Amino acid sequence: MAKSLALNSNSQGLLNQLITNNQLVQEIQNLDAGIVRKIVHRIGLEDAGELFMLITSEQLQEVMDQDVWFSAKSGVDEKIDTNRFVTWLEVLLEVGADFAADKISEMDEDLLISVLSELVLAIDDDELALMVQEAEDDKYSKNKYLEKALESVFNLDLAGYVIMSKVSIHWDVISNLLISLQKNHQDILDRILLRLQSFTLEQIDEHDGLYELLTESEKLEGDVSHKRLERREEEGYVASSSAAAFLKLIAQTPLEDLARSDEQDHISKMYFRNLKLGKVKKYKPLSSELLEILKAHGVRVEPPLKTKQLAGPQKKPGIHSYLSGLRDAHEELFQKKLSELNFLANVLITSRANGKKSLRPVEAMEMAIQICDEGLQVSRRLKADVPEIELIKLFKLGWKSRGH
């Protein structure tokens, strides 16, 4: 118990140091979302409301986007954690209803609707009146189930719609959010309720309407997941399923075929086609003051490897030596090799190639270089042609030689 109290006190101390130091405000608003997320985890999401008032809307959106998705196991793409998403809404509402409505209005509507469709039903007043009349005229009408639902669940009349809870535990958060949106962003609320009604009507139109509704919700989550994946791929992210497929492709291909092939596989080809280097954010070094504060509270900050550091000294053999010479002689090709290494490092991270332990970016990059070094030895032994030191091909040879 004492340890838990000490942790909470330390986390609160971190929050206080960040929000009370006016000199750090601008720097905090320039932090990478990954670092902000670490701070949120250290403080605790439920206690991070004051921090959310300090950071920018873009940071808030990126951190939330990273935090509400999870992957149950290696090789499986992430899914939305509805309970985690609702916790975010609750924290934002605790800061203030207007604040929450403003922040939610700037986020991806598809993501919000995907979560809401799991939690509430919505139908406009006119449609409800027609169904009630139909039920009165026909005692066998399926619409009578709607009236029963209204009697047994939380419901709210709002903006010409009746909203009904599907999960009562989250009703207060969802209803307060919708009321706040009506006050501040009526146009957004109208779009949300119109789309939610389409899911509700699918349920009502079926004898077992819940099945149809859940089916539609899964389709919407799939669309949201795909859009999110596209955004992240533009920034260099590799999906868990893609990473697993890449490694499986290597495992299923004979070593000799990997050595002879000069064609790029479809997975890495798609990655580089989707990658938009111009969207990759430049790292801004943190001040020594902020670094010391984060370090004192156990928040690890790892800046991206500098090109000079990555290339390494000339005395390092293999790929390190190659990159060192390339950096000085051919900057454009050097950046291309860094992109290849970034892809390989992300494959190792998202596939959890190090077993249960999660690889840090620096560790993944070094591991990728080591595997490429092993692939270089294999290529020489097999006398395979590897023009321009194709790192992805060398990685395949090295990974295969490890017996995966």
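Asp 98 forms a salt bridge with Lys 183, the closest N and O atoms being 3.5 Å apart; a salt bridge is a side-chain nitrogen of Lys or Arg within 4 Å of a carboxyl oxygen of Asp or Glu. This pair links distant parts of the chain, with Asp 98 in helix H7 (residues 97–105) and Lys 183 in helix H11 (residues 171–184), 85 residues apart. Helices (H or I, at least four residues) and strands (E, at least two) are DSSP runs, numbered from the N terminus. The model is predicted: local features need pLDDT of at least 70, side-chain atom pairs count only at pLDDT 80 or more, and totals for chains, interfaces and linings use all residues. Residues are numbered from 1 along each chain as its sequence is written, and side-chain values use heavy atoms, with hydrogens and water left out.

**Salt bridges**

By the rule above, the count comes to eleven salt bridges. Asp 98 is partly exposed, with a relative accessible area of 35%, while Lys 183 is exposed at 62%. Here buried means under 20% relative accessible area, exposed over 50%, and partly exposed in between (1.4 Å probe, protein chains only).

Arg 260 and Asp 257 are both in helix H15, three residues apart, about one turn of the helix. Lys 336 and Glu 340 are both in helix H20, four residues apart, again about one turn of the helix.

| Salt bridge | N to O distance | Relative accessible area |
|---|---|---|
| Asp 98 – Lys 183 | 3.5 Å | Asp 98: 35%; Lys 183: 62% |
| Arg 260 – Asp 257 | 2.5 Å | Arg 260: 59%; Asp 257: 32% |
| Lys 336 – Glu 340 | 2.8 Å | Lys 336: 41%; Glu 340: 6% |

Elsewhere, Arg 37, Asp 67 and Arg 84 are linked in a network of salt bridges.

Strand S3 (residues 120–124) is mostly covered, five of its five residues being buried. Val 120, Ala 122 and Asp 124 point one way from S3, and Leu 121 and Ile 123 point the other way. S3 is joined by five bridges to strand S5 (residues 161–165), and the two run antiparallel; strands pair if DSSP finds at least two bridges between them. Within S5, the bridge partner of Val 120 is Ser 165, and that of Ala 122 is Ile 163.

Five of the five residues of S5 are buried, so S5 is largely enclosed by the rest of the structure. Tyr 161, Ile 163 and Ser 165 point one way from S5, and Val 162 and Met 164 the other. Four bridges join strand S4 (residues 155–158) to S5, also in an antiparallel arrangement. Leu 156 stands opposite Ile 163 in S5. The hairpin of S4 and S5 has two residues between the strands, and Ala 159 there takes a positive phi near 55 degrees.

**Aromatic pairs**

Rings of Phe, Tyr and Trp (its six-membered ring) pair if their centres lie within 6.5 Å; planes under 30 degrees apart count as stacked, over 60 as edge-to-face and the rest as tilted. By this rule the count comes to eight aromatic pairs. One of them, Phe 52 with Trp 88, is stacked, at 4.9 Å centre to centre and 15 degrees between the planes. Phe 52 lies in helix H4 (residues 49–54) and Trp 88 in helix H6 (residues 82–95), so the pair ties together parts that are 36 residues apart in sequence. Both Phe 52 and Trp 88 are buried. Ring pairs also link Phe 246, Tyr 271, Phe 272, Phe 343, Phe 395 and Trp 399 into a cluster.

**The second largest pocket**

On a 1 Å grid over the protein atoms alone, a pocket is an open set of points where a 1.4 Å probe fits, with protein on both sides within 12 Å along at least five of seven lines; lining residues have an atom within 4 Å of a point. The second largest pocket has a volume of about 510 Å³, a volume being the space filled by probe spheres set on the points, which are joined across faces, edges and corners. Of the 24 residues that line this pocket, the closest to its centre are Glu 263, Gln 264, Asp 265, Glu 390 and Ile 392. Helices H14 (240–252), H15 (255–260), H20 (331–350) and H22 (391–401) each supply at least two residues of the lining, and H20 gives the most, with five residues. By class, the lining has eight nonpolar, five polar and eleven charged residues; Ala, Val, Leu, Ile, Met, Phe, Trp, Tyr, Cys and Pro count as nonpolar, Asp, Glu, Lys and Arg as charged, and the others, Gly among them, as polar.
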